[in-house]
Amino acid sequence: MGERKGVNKYYPPDFDPAKHVSLNKYRNSHPLRERARKLSQGILIIRFEMPYNIWCDGCKNHIGMGVRYNAKKKKVGNYYTTPIYRFRMKCHLCVNYIEMQTDPANCDYVIVSGAQRKEERWDMQDNEQILTTEHEEKKKLETDAMYRLEHGTADQGKLRRAIPTLSHIQEAQSAWKDDFAINSMLRRKFREEKKVLQEEEEKDLALQTKANLSIPLVQETEEEQQLAALLKYHSLDSYEDKQKLKRTEISGRSWFPPAPAAAGKATDTLKKLGLAGKALSPKGPAGGSPITSGRLGIVRRRSREGPESVAHGTHTGRPSCDGTAQPSSPAAIGDSLP
């Protein structure tokens, strides 16, 4: 920009460098143009930025720190060799004028009139900040040897108390000194976190698609995971599982019925065999019912060669080749045994 402005400056035909020296003298104007219109009164127009939050006395509105104004800058005194400047500006919300000036002794700005400061200050000594040394204290340090010794002893005590903190800060700075390693570690961490987040999003999307949900899913907590681990859910058996269970029970069941231990069990067996309506013989001396062929379900057949010669308590069978009777079933064989 500077080069472009320098090249594009227009020099009129009657401009004499030896006589006018510069275009400003030729035009009889100040280099700052309108900003220096009151320079004869010692006032320069500058762009002033509000150093802190204030309340305007005219409109009672809040003016934040950093708001800029066209202010009139004027020198009003000195603090030793440092000049003190005063700034006068008009509020942008009303017709009230605000005046502020520098305070070199405290490195701050002071409101002269037109506004009130919003108190947000703190004690620099309580905040362990570096305090500015007063002129009287400087003079006393230079002239009073005992005061200088006491002051030096106090400073050494502060240094001893601050050494652990300073060493910790130095170690932290040395650990983070390599910018490339720090950047690589940070990018690697971000990639891992991004991968984990992407996997969680895929799981959530799969669950939403499966359950046909349109609501967002929240992240599960550790307490919820522990509670879910204590619960067990059993799904209902399918038709195939039920059929398989029945086949297993049938294959593991015994082929022979259990031995009758009492009359009640024998009655249950007869009911299952369909013979519950038949009359039972009287009980024996032992209290149990005698075992007969009728109770065992043995069918009596008529002999081919002769009339039926079967009595109660005898065994029924078919004749053999030599004319002797043979049992017709394994149950009859069991009755013939002593």
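Lys140 lies over the face of Tyr147, 4.5 Å from the ring centre; a charge counts as sitting over a ring if NZ of Lys or CZ of Arg is within 6 Å of the ring centre and within 35 degrees of the ring normal. Lys73 is placed over the face of Tyr85 in this sense, at 4.4 Å from the ring centre. The model is predicted, so local features need pLDDT of at least 70 and side-chain atom pairs count only at pLDDT 80 or more, while totals for chains, interfaces and linings use all residues. Residues are numbered from 1 along each chain as its sequence is written, and side-chain values use heavy atoms, with hydrogens and water left out.

**Strands and sheet**

- Helices (H or I, at least four residues) and strands (E, at least two) are DSSP runs, numbered from the N terminus.
- Three strands form an open sheet in the order E3-E2-E8, with antiparallel pairing; two strands pair if DSSP finds at least two bridges between them.
- The edge strands are E3 (62–63) and E8 (115–117), each of which pairs on one side only.
- Strand E2 (residues 54–56) pairs with E8 in the antiparallel sense over three bridges, and Cys56 stands opposite Ala115 in E8.
- Strand E4 (residues 68–79) pairs with E1 in the antiparallel sense over seven bridges, and Ile46 stands opposite Ala71 in E4.
- E1 is mostly covered, with five of its seven residues buried; buried means under 20% relative accessible area, exposed over 50%, and partly exposed in between (1.4 Å probe, protein chains only).

**Two loop residues**

- Asn53 is found in the loop between strand E1 (43–49) and E2, and Asn53 is buried at a relative accessible area of 16%.
- A polar atom of the Asn53 side chain lies 2.7 Å from the backbone nitrogen of Met65.
- Asn53 touches residues including His62, Ile63, Arg117 and Glu120, not counting residues up to four places away in sequence; contact means heavy atoms within 4.5 Å.
- His92 lies in the loop between strand E5 (82–90) and strand E6 (97–103).
- With residues up to four places away in sequence left out, His92 touches Ile63, Val67 and Tyr69.
- The side chains of His92 and Tyr69 make a polar contact at 2.8 Å; such a contact is a pair of N or O atoms within 3.5 Å, where within protein one must be able to donate a hydrogen and the other to accept it, and residues adjacent in sequence count only if both atoms are side-chain atoms.

**Aromatic pairs**

- The structure holds six aromatic pairs; rings of Phe, Tyr and Trp (its six-membered ring) pair if their centres lie within 6.5 Å, and planes under 30 degrees apart count as stacked, over 60 as edge-to-face and the rest as tilted.
- Phe15 and Tyr26 form an edge-to-face pair, 5.9 Å centre to centre with 80° between the planes.
- Phe15 lies in the loop between helix H1 (2–7) and helix H2 (17–20) and Tyr26 in helix H3 (residues 23–27), so the pair ties together parts that are 11 residues apart in sequence.
- Phe15 is buried at 14% relative accessibility, whereas Tyr26 is partly exposed at 26%.
- Tyr11, Phe15 and Tyr26 form one aromatic cluster.

**Cysteines**

- A search of the whole structure finds zero disulfides; a disulfide is a pair of cysteine sulfur atoms within 2.5 Å.
- For Cys56, the nearest cysteine sulfur is that of Cys94, 3.7 Å away; Cys56 is buried at 1% relative accessibility.
- For Cys59, the nearest cysteine sulfur is that of Cys94, 3.7 Å away; Cys59 is partly exposed at 23%.
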